[in-house]
Amino acid sequence: ALGAAVSAYGLYIAPFTIFLMGAYLSGIYMSAQGLYRFAATDTASDGFRPKAISYVMAGGLISAVLGPQLNKLVQDASVIPFLGSYIAIIAHNLVGMFLFLLLRMPKGTANEPKAIAPTPPRSRKELLRNQKIFVAISVGMVAYALMNLVMTSTPLAVVGCGLTKNNANDIVSVHVIAMFLPSFFTGHLITRFGVERIMGLGLIILAGAGVVALSGMELPNFFFALMLLGLGWNFGFIGATTLLTSSHLPHERGVVQGLNDMIVFGSVMVASLASGRLMNCSGGSPIEGWTAVNLAMAPFLLLAGGALIWLAFRSKGTTI
């Protein structure tokens, strides 16, 4: 709410630097919001943990549908463009704060792990040497970064090859739905088939998205490729999050979760910047740029897939 208020003030008095300060505060909010999926597992049983993560991620589907529609209603509510959007964000988050009053966590949940901790927390280097933590972070990083790499380039490629802006909007909408709709059953699939298999399937689907994208720049290619991209991200990212939550001791979770999100979303930032570079690497040709973007997926998918295969051959008796 504070970030939106600062951005709204920046829009009102015009200095762009103030608007960016609001965006910076909103970024801090987003980093905290990403931890909701971990908070849902704090009191979940081992069997329910993947389902809890999936249900939290499924909330993204609701926001993907309602968010743009709400923005249509408020974006022109003021003579200052988008000022109404930021005011709506302020109101939305102030209301959201009170939802936490409905949360009932067992007493001692936050402190109990520290009280019973048998050993001191491992350092970050020691945690990254853990095979499951390393693979979980690697797959989550690759799945999220590659999804962002391709999605960021998609509108440019769609319009650049002669399709319309409305086509681009529809393709991105289908992609977002494909990202979050599977969350209603991803947890069940993980419980039934195992987290490693679902992560591997996610990487295969991401590779399939690249193959479809490279096979042509017609409208059906874009729709199908972005649909596969969203589904592959869902399986890969939720699977990686599930594996991570079962790979550390309770009193280490704060460090592990923060380390994971720093690496994963840091790679997403790099992918966003790389996306534009790749699209322009051939002098601005949308066809060659789109080809470069999708070919760039291959080495990272091979690395993540190799890490997952390596984990599968390791002893399954070691969990932490």
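Are Phe 222 and Trp 290 buried or exposed? In the predicted model described here, Phe 222 is buried, as is Trp 290, where buried denotes under 20% relative accessible area, exposed over 50% and partly exposed the range in between (1.4 Å probe, protein chains only). Because the model is predicted, local features require pLDDT of at least 70 and side-chain atom pairs are counted only at pLDDT 80 or more, whereas totals for chains, interfaces and linings use all residues. Residues are numbered from 1 along each chain as its sequence is written, and side-chain values use heavy atoms, with hydrogens and water left out.

Aromatic contacts were examined next. A pair of aromatic rings is described by the distance of the centres and the angle of the planes. Rings of Phe, Tyr and Trp (its six-membered ring) are taken as paired if their centres lie within 6.5 Å, with planes under 30 degrees apart classed as stacked, over 60 as edge-to-face and the rest as tilted. Ten aromatic pairs are found in the structure. In one of them, the ring centres of Phe 222 and Trp 290 are 5.3 Å apart and the planes meet at 50°, so this pair is tilted. It joins distant parts of the chain, with Phe 222 in helix α12 (residues 219–245) and Trp 290 in helix α14 (residues 286–295), 68 residues apart. Helices (H or I, at least four residues) and strands (E, at least two) are DSSP runs, numbered from the N terminus.

The rings of Trp 233 and Phe 237 have centres 5.4 Å apart and planes at 15°, so they form a stacked pair. Both residues belong to helix α12 and are separated by four residues, about one turn of the helix. Trp 233 is buried, with a relative accessible area of 1%, and Phe 237 is likewise buried, at 3%. Trp 233 and Phe 237 also belong to one aromatic cluster, together with Tyr 144, Phe 180 and Phe 265. The C-alpha atom of Phe 180 is separated by 7.7 Å from that of Gly 59, although the two residues are 121 residues apart along the chain. Gly 59 lies in helix α4 (residues 49–74) and is partly exposed, at 32% relative accessibility.

Two salt bridges are counted, a salt bridge being a side-chain nitrogen of Lys or Arg within 4 Å of a carboxyl oxygen of Asp or Glu. In one, Arg 37 is joined to Asp 261, with the closest N and O atoms 2.8 Å apart. Arg 37 is in helix α3 and Asp 261 in helix α13 (residues 253–279), so the pair ties together parts 224 residues apart in sequence. Arg 37 is buried at 3% relative accessibility, and Asp 261 is buried at 9%. A salt bridge is also formed by the side chains of Arg 122 and Glu 252 (2.8 Å, N to O). Here the partners come from loops: Arg 122 from that between α6 (112–116) and α7 (124–129), and Glu 252 from that between α12 and α13, 130 residues apart. Arg 122 is partly exposed, with a relative accessible area of 22%, whereas Glu 252 is buried at 1%.

The buried residues of α13 include Arg 253, Asn 260, Asp 261 and Met 279.

Helix α15 (residues 297–313) has 17 residues and reaches 25 Å from its first C-alpha to its last, close to the expected 24 Å. Its buried residues are Met 297, Leu 301, Ala 304, Gly 305, Ala 307, Leu 308 and Leu 311. Seen down the helix axis, these residues fall within an arc of 155°, so they line one face of α15; the arc is that of the directions from the axis to the C-beta atoms. The face of α15 turned away from the buried side carries the exposed residues Leu 302, Leu 303, Ile 309 and Phe 313.

Conventions: Expected span 1.5 Å × (residues − 1).
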